[in-house]
Amino acid sequence: MKKDPALNVFGDPLAPCSTAPVTGYFRDGSCNTCEQDTGSHTVCAIMTAEFLAYSKYVGNDLSTSRPEYGFSGLKPGDQWCLCASRFLQAADEGCAPKVDLRATHQKALEIVPLPVLEAYSA
């Protein structure tokens, strides 16, 4: 798999998102992406209780531990590379989490307009 250039929404080098918990499509701590990442896990989101409840409600439970996958579950304050479409859906519903724009991959802009991301900037 060939990674896309690691640039953020400003065209600068992509900053790390989180290594505790380890996030990213490649589980490298950054919101790097590639052609095979059909979910576009490119938005570095800072979890909130409201967003985690919303995500669980719409069928993507990020808060429950899944030891069989080495996943301890997310809690408010954790940073996670979120699917761009899920972020946009949550923004449309008024419950999107804050984002770290320096750690959000420029590929997210193919799905989420920059002004929307900026409105949720941490």
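## Terms and model

Two strands pair if DSSP finds at least two bridges between them. Helices (H or I, at least four residues) and strands (E, at least two) are DSSP runs, numbered from the N terminus.

This is a predicted model, where local features need pLDDT of at least 70, side-chain atom pairs count only at pLDDT 80 or more, and totals for chains, interfaces and linings use all residues. Residues are numbered from 1 along each chain as its sequence is written, and side-chain values use heavy atoms, with hydrogens and water left out.

## The sheet

Three strands form an open sheet in the order β2-β1-β3, with antiparallel pairing. β2 and β3 (98-99) are at the edges with a single partner strand each, so one side of each has no neighbour in the sheet.

Strand β1 (residues 41-46) pairs with β3 in the antiparallel sense over two bridges. Ala-45 has Val-99 of β3 as its bridge partner.

## Helix α1

## Lys-56

Lys-56 is found in helix α1 (residues 49-57). Lys-56 counts as partly exposed, at 47% relative accessibility. Leaving aside neighbours within four places in sequence, Lys-56 is in contact (heavy atoms within 4.5 Å) with Asp-61, Ser-63 and Thr-64.

Technical notes
Buried means under 20% relative accessible area, exposed over 50%, partly exposed in between (1.4 Å probe, protein chains only).
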